[in-house]
Amino acid sequence: MKKLLALLLSLLLLATLMVGCKEETPSSPTGSSIPSEDPIDVRIAGLKGPTTMGLVKVREAAEKGTARNNYKFTVAGTADEITPLLLKGELDLAAVPANLASVLYNRSEGEIVTLAINTLGVVYIVEKGNTVADLSDLKSKTIYATGQGSTPEYALRYILTQNGIDPDKDVTIEFKSQPDEVVALLKKGGNGIAMLPQPYVTVASNNVEGLEIKIDLNKEWEKLDTDSMFLTGVLVGRREFVEAHPDAIAEFLDEYKASTEYVNANPEEAAVLVEQAGIVKAAIAQKAIPFCNITYIDGDKMQTALSGYLKVLYDLNPKAVGGKLPADDFYYEK
């Protein structure tokens with residue numbers, strides 16, 4: 001009888017252990033009970049300039065097959081090439097001028113979200129000659145420039161206005177569609193003044209003898225002591241895509257931040273990747289990177305900086321931001 005009782009107790013204990021094992025949730029190799037999202041295809045576009053230079057390490061990883069997702073990159077000459085593709089859903093993410101992000105948000109009725117700031121002020125006044133030492137010297141001058149209807153134009157207009165210079169009466173701003181056109185004008189001979197972004201300032205300096213940086217518009221903005229920052233570019237995404245793939249977006253942003261840090265810390269090596277991306281030659285990129293103000297800012301700091309910048313532009317000209325300031329859902333929260 002004792003043997004039978006012991007056998008029954010042993011069987012009961014075994015059954016209890018088996019039930020406990022069945023109820024335990026198996027864990028993934030990483031210790032999480034929920035597997036991460038499988039790699040997905042992500043279509044990314046950027047412009048030939050600093051807003052895309054910070055992406056080159058991610059692009060290299062994608063080409064080597066070591067990136068966390070399948071990234072397909074497109075580098076465009078103008079924002080007009082990117083905008084329709086993004087709005088039609090043929091792109092998922094794009095590096096664009098800061099004010100254009102707001103314009104696209106309004107045009108799409110909120111279907112564009114900003115993920116991060118990628119470039120601070122990179123615009124400079126350069127001169128072949130010796131007539132410009134400060135902003136006041138620009139009066140009665142002709143300034144060749146790019147970026148009409150975008151960040152460079154609005155920044156120049158704001159800075160001039162705040163320094164008592166009427167951009168419509170006191171100076172003549174002659175816009176060209178591409179920085180290369182401005183460089184060609186400066187190269188023709190004689191003196192000339194231009195507003196150019198990096199890396200085209202470096203391109204111009206290498207091609208135009210005697211050309212020098214006279215005014216750093218980023219520093220001029222800082223002198224105004226506003227509650228904003230002078231911003232050039234941001235990374236945006238289609239809201240539908242971003243909300244459908246939160247894991248992939250988080251992974252990409254981690255890679256993107258690391259890429260910007262790599263570019264700033266390793267200009268010589270990064271310059272090779274910049275040339276491979278079709279942005280500018282490596283020799284130019286290496287010289288330009290320290291002046292390109294490539295960065296990565298997200299979260300609350302991004303919203304504070306970008307909203308302050310857009311408010312400055314809105315007060316200057318509401319059309320600069322698409323007619324109205326974007327709502328809070330314009331700023332991505334992890």
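Select tyrosine 71 first: at 8% relative accessibility it counts as buried, where buried means under 20% relative accessible area, exposed over 50% and partly exposed in between, computed with a 1.4 Å probe on protein chains only. The model is predicted, so local features need pLDDT of at least 70 and side-chain atom pairs count only at pLDDT 80 or more, while totals for chains, interfaces and linings use all residues. Residues are numbered from 1 along each chain as its sequence is written, and side-chain values use heavy atoms, with hydrogens and water left out.

**Aromatic rings**

A search of the whole structure gives 9 aromatic pairs. Rings of Phe, Tyr and Trp (its six-membered ring) pair if their centres lie within 6.5 Å; planes under 30 degrees apart count as stacked, over 60 as edge-to-face and the rest as tilted. The ring centres of tyrosine 71 and phenylalanine 73 are 6.5 Å apart with planes at 65 degrees, so this pair is edge-to-face.

Next, go to phenylalanine 330 and tyrosine 331. Their ring centres lie 4.9 Å apart and their planes stand at 75 degrees, so the pair is edge-to-face. Both phenylalanine 330 and tyrosine 331 are buried.

For a ring with a charge, select tyrosine 262 and lysine 57. The charged end of lysine 57 sits over the ring of tyrosine 262, 4.2 Å from the ring centre. The criterion is NZ of Lys or CZ of Arg within 6 Å of the ring centre and within 35 degrees of the ring normal.

**Leucine 55 and helix 3**

Select leucine 55, in the loop between helix 2 and helix 3. Helices (H or I, at least four residues) and strands (E, at least two) are DSSP runs, numbered from the N terminus. Leucine 55 counts as buried at 2% relative accessibility. Leaving aside residues up to four places away in sequence, leucine 55 touches Ile44, Phe73, Ala95, Phe252, Tyr256 and Ser259; contact means heavy atoms within 4.5 Å. The C-alpha atoms of leucine 55 and isoleucine 44 are separated by 9.8 Å.

Move on to helix 3 (residues 56-64), where Val56, Val58, Arg59, Glu60 and Ala61 are buried. The buried residues of helix 3 pack against helix 2 (50-53), strand 2 (70-76), helix 11 (246-265) and helix 12 (267-276). Just after helix 3, glycine 65 takes a positive phi of about 80 degrees.

**Helices 4 and 5**

Show helix 4 (residues 79-87) with helix 5 (residues 98-107): their axes come within 12 Å and cross at roughly 35 degrees. Axes are lines fitted to C-alpha atoms, for helices over the stretch in contact, with angles from 0 to 180 degrees between N-to-C directions. Which residues in helix 4 meet which in helix 5? Ala79, Thr83, Leu86 and Leu87 in helix 4 meet Leu100, Leu104 and Arg107 in helix 5.

**Asparagine 218**

Finally, select asparagine 218 in helix 9 (residues 217-223). Asparagine 218 is buried, with a relative accessible area of 11%. Not counting residues up to four places away in sequence, asparagine 218 touches Gly121, Val123, Phe230 and Asn293.

**The whole protein**

Zoom out: the protein has 14 helices and 11 strands. Buried residues make up 49% of its 334 residues.
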